Amino acid sequence: MEDDKADIYTKDGTVDFYKKPANKDKTGTWKACRFILVTECCERLAYYGMGTNLVNYLTTRLGLGNVAASNSVTNWSGTCYITPLLGAFLADSYLGRYWTIATFSSIYVLGMALLTMSASIPGLKPECVDDVCHPTSSQTAIFFAALYLIALGTGGIKPCVSSFGADQFDESDETEKKKKSSFFNYFYLSINIGAMIASSVLVWIQMNVGWGWGFGVPAVSMAVAVIFFFVGTSLYRIQLPGGSPLTRICQVLVACMKKVNVEVPSDKSLLYETDDNESNIQGSRKLEHTDKFRFLDKAAVATESDENVKPWSLCTVTQVEEFKSVIRLLPIWATGIVFSTVYSQMSTMFVLQGDTMDQHLGPNFKIPAASLSLFDTLSVIFWAPVYDLIIIPIARKYTKNERGFTQLQRMGIGLVISIFAMVVAGSLEVSRLNYVRKNNLYDEKTVPMTIFWQVPQYFLVGCAEVFTFIGQLEFFYDQAPDAMRSLCAALSLSTNALGNYLCTALVTIVANVTTRNGGLGWIPDKNLNRGHLDYFYWLLAILSLINFFAYLLIANWYTYKKVVGKSP
C-alpha cells in the first residue's frame, strides 16, 4: 500500500508550486508542457518579430551603413545569448527556474513596450522626409536602451524554459523519460512556428504598414506569453535550486590546491562520498567516478585533517564529477561557435544579399528580404517531425541506439550541412555578381534575379538547426549535472553569443583589411554589386570545415556522464 502511494510521486526531487512532492497524475508531462510550448512560441514570435528585420530598421530609420548595421545586430543578438548566464546562475542558485522566468519575462515586456514607443510616438521616433530619416542622438539612445532591456529580459527565459519543460518528465520513470527526447523536438518546433509568423506576417507589416505596428504586435505577443506561463502554474513540476554551482566549483579547486601533494588512491571506493542514497547537493543525483582529470580527485581524498568534514577542504565524488562534467562540455561547446556564426548570417548578410535581388512575387506584391527566413522556419518545421518519426526509427535499426543517433553524432551531421549552406550561399553570390558584370548593373539597386534563389541556403540552415541546435539542447541538458542544468543550458546558448561576436569581428576585420588601399572591400557600405560578399561566404565555409574536423577529434575523446545506479 505504501509502495503504491510512493509511486504517485516523482522520484527526481521535483515539487509542485506549493513545495509539496509532485504528484505524477496531477502535474508535469504534456499537460504542463502545452503551456510551456505556447509560452515559448509567443516569446519567439516577439523576439524574431523584432529581430529578423532589425538590420533594415537600422539602415532605413537610424541611417546606419551595411557594416555598422550588421555589427549592431550581431552585437545585440550576442548579448541576448550572454545574459542567459546571469539568468541561469540565479535560477540554479537562488530563484529556481519558475521564478526566474516570471521575473525576467516582466523585464522583457517593459523592453518591448519601450521599443514600440520609440518607433511610433512623435518625438521618440525619427523624423523622415522622402524616405530619408534624421534620428537624433536621444532617439537612437532610447531605441538601443529598449533593445538591451529586451536582451536582459531574454537572459532569464532562454536558459530556463527548455530545462523547465524537460523538468516536467521524471527521469526515474522509463515511460516519461522516453517522452523527454520528443519534448526537445517539439520545443524547437514551437520556436519555429513563432519565427514563421514573425518572418512572414510581421516583417510584411513592418515594411508595408509601419514600424509602430511592426514592433507593437510582438510586444502584445510577449504579454500573451507571460499570461500563458502563469496560467499553467498549478500543473508545473519545480526543481528546487541547489545553491551556487560556482561556489561548489571553487570548493573543488581550493580543496585540490590544499592537497596538491596528496596522492589519489588507485581504488576509487576510497574517495569520499556521503553514505546516503541521495547526493548532499539539493536537486542532484549522485554521479559515478570517472578517470579523466584525476588531479581534481584530490579534492575527494580524505586525510587525517578531514575528521570534521569542511566543504572547502573535502568534497564528495559527486561534487568533483559535477566540475568534471562542465570541463568535458567546454570543448564541445567551443565547436558550436562557428556554427552559430553561420546561423547569424540569416539576419545579416542573407538579408543584405536579398535586398539586391528581385523581390516581386507577381506583378504587385513584393516579399521583404528578411521574410526569406520563413524558409529556414519551414525547413525546421518539416525536418523536426521527420527526424522524430522517420529518421530515428530507420537509424535505430542500424545503430541499435534508442535515439537513432547519439547526441554527438546528431550535432556532427548538422555541422556538415552548415558547410553546404555556406557553399550554396557563396555560389549564388558568384552567379549574382557575374550577372551584374555581364549586364553592367553595378549601380542598380536590384538585380533582375529572383530572391527565391536564396531559398536553398535558408532551407539548408534550417536542416542543420534540427540536427545541431536541437541535439545541442538535448545534449547539454542530459550531460549537465542535475543542479547545474540552467547554467549548462545558458552555456549552450552562449555559443550563439560568441558566434554573433565572432561574426562582428570577422566583418570588421574583413572590412578593414579589404578597404586598406582605398578599395570598396568585400562588403561595401552602400553597394554590394561592387563588392565580393561571396569571398566572405567562402571564408565561413573554410572555417566551418576546420571546425568540423576539430569536432570529430573532441567527440571521439568525450566521456558521457554516468549517474549512480543508472546505465550510461
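This is a short tour of a predicted model, stop by stop, with something to select at each one.

**Before you start**

Because this is a predicted model, local features need pLDDT of at least 70 and side-chain atom pairs count only at pLDDT 80 or more, while totals for chains, interfaces and linings use all residues. Residues are numbered from 1 along each chain as its sequence is written, and side-chain values use heavy atoms, with hydrogens and water left out.

**Stop 1: the whole chain**

Show the chain as a cartoon and you will find 17 helices and four strands. The C-alpha trace spans about 80 × 50 × 50 Å along its principal axes. A compact globule of 568 residues would have a radius of gyration near 24 Å, and the chain agrees with its 25 Å. That radius is taken over C-alpha atoms, and the globule rule is 2.2 Å times the number of residues to the power 0.38.

The chain exposes about 23,700 Å², with carbon and sulfur atoms supplying 63% of it; the areas come from the Shrake-Rupley method with a 1.4 Å probe, and for residues only the protein chains shown count as cover. Of the 568 residues, 57% count as buried. Buried means under 20% relative accessible area, exposed means over 50%, and partly exposed is in between (1.4 Å probe, protein chains only).

A contact means heavy atoms within 4.5 Å.

**Stop 2: the cysteines**

Select Cys 128 and Cys 133. Their sulfur atoms are 1.9 Å apart and form a disulfide, defined as a pair of cysteine sulfur atoms within 2.5 Å. By this rule the count comes to one disulfide. Are its two ends buried or partly exposed? Cys 128 counts as partly exposed because its relative accessibility is 35%, whereas Cys 133, at 11%, counts as buried.

Next, select Cys 41. This residue is in no disulfide, and the nearest cysteine sulfur, that of Cys 42, is 5.5 Å away. Cys 41 is buried, with a relative accessible area of 16%. Cys 80 is in no disulfide either; its nearest cysteine sulfur belongs to Cys 503, 15 Å away. At 0% relative accessibility, Cys 80 counts as buried.

**Stop 3: aromatic rings**

Display the side chains of Phe, Tyr and Trp. A search of the whole structure finds 40 aromatic pairs. Rings (for Trp, the six-membered one) pair if their centres lie within 6.5 Å; planes under 30 degrees apart count as stacked, over 60 as edge-to-face and the rest as tilted.

Zoom to Phe 17 and Trp 99. Their ring centres are 6.1 Å apart and their planes meet at 45°, so the pair is tilted. Phe 17 sits in the loop between α1 (2-7) and α2 (29-51) and Trp 99 in helix α5 (residues 84-120), so the pair ties together parts that are 82 residues apart in sequence. Phe 17 is partly exposed at 28%, and Trp 99 is partly exposed at 44%.

For an edge-to-face pair, go to Phe 293 and Trp 557: 6.2 Å centre to centre, 75° between the planes. Phe 293 is in the loop between α9 (245-258) and α10 (317-334) and Trp 557 is in helix α17 (residues 533-557), 264 residues apart.

Then extend your selection around Phe 17: ring pairs link Phe 17, Tyr 18, Tyr 98, Trp 99, Phe 164, Phe 229, Phe 230 and Tyr 236 into a cluster.

**Stop 4: two buried polar residues**

Select Asn 56 in helix α3 (residues 54-60). Asn 56 is buried, with a relative accessible area of 6%. Its side chain makes a polar contact with that of Asn 53 (2.8 Å). Such a contact is a pair of N or O atoms within 3.5 Å; within protein, one must be able to donate a hydrogen and the other to accept it, and residues adjacent in sequence count only if both atoms are side-chain atoms. Not counting residues up to four places away in sequence, Asn 56 touches Arg 61, Met 207, Trp 211, Val 351 and Asp 355.

Finish at Ser 371, in the loop between β3 (357-358) and α13 (373-399). Ser 371 is buried at 3% relative accessible area. Leaving out residues up to four places away in sequence, Ser 371 touches Ser 199, Ser 200, Val 203 and Trp 204.
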